Amino acid sequence: MTDPETGDPKCPKLVKPGGVIPESYYNQEPIIPDDANLTVQVVKHGQKFDLNYDVDIPGSAIRYIFKTDEGDIGLQVMLQTGTMAMKTVQALEKHNTHLVYEDGSFTCDEPGKYILRFDNSHSWTKNKTLHYFCEVIKPDDIKEEETYL
């Protein structure tokens, strides 16, 4: 296809070339806030890092937020009950948390030990610096938060 009047294959009359892109549109290096509530942990390449939370009251929730300095990291949530059997609560999923914080929560329907596993086993060469905050919220506290919404 060419411009019908000039024969130019770039068709400048049909497709207008762009202009200068403002610097505010540029993708900038993310900044990790210096937050005292975030714990920092290096997850070595090929390794996993577990956070264990004992939940005694059904209906409690676990809330989390995390970010890495660079690269993606996997998150899986499992439940270990009285026996040593593990039950998957949340399947392993990779998150590109070097771009934006990942936050979420899930309800603990059963009492037991909940394990949040940060998985860097897919990386052969890169360690990941993980910044995270996790907490267990009891059902009464969940109801109080809902009343403020």
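Mentor: Contact here means heavy atoms within 4.5 Å. On that basis Q90 touches Y64, L75, Q76, V77 and F106, leaving aside residues up to four places away in sequence. The model is predicted, so local features need pLDDT of at least 70 and side-chain atom pairs pLDDT 80 or more, while totals for chains, interfaces and linings use all residues. Residues are numbered from 1 along each chain as its sequence is written, and side-chain values use heavy atoms, without hydrogens or water.

Q90 belongs to strand β5 (residues 86-95), a strand being a DSSP run of E, at least two residues, numbered from the N terminus. The side chains of Q90 and Y64 are joined by a polar contact of 3.4 Å; such a contact is a pair of N or O atoms within 3.5 Å, one able to donate a hydrogen and the other to accept it, and residues adjacent in sequence count only if both atoms are side-chain atoms.

Rings of Phe, Tyr and Trp (its six-membered ring) pair if their centres lie within 6.5 Å, with planes under 30 degrees apart stacked, over 60 edge-to-face and the rest tilted. Y64 and F66 form a tilted pair, because their ring centres are 6.0 Å apart and their planes stand at 35°. Y64 is buried at 6% relative accessibility, where buried means under 20% relative accessible area (1.4 Å probe, protein chains only). F66, at 0%, is likewise buried. F66 and F118 are edge-to-face, with centres 5.0 Å apart and planes at 75°. Since F66 lies in strand β3 (residues 60-68) and F118 in strand β7 (residues 112-119), this pair ties together parts 52 residues apart in sequence. F49, Y64, F66, F118 and Y132 form one aromatic cluster.

Technical notes:
Buried means under 20% relative accessible area, exposed over 50%, partly exposed in between (1.4 Å probe, protein chains only). Helices (H or I, at least four residues) and strands (E, at least two) are DSSP runs, numbered from the N terminus.
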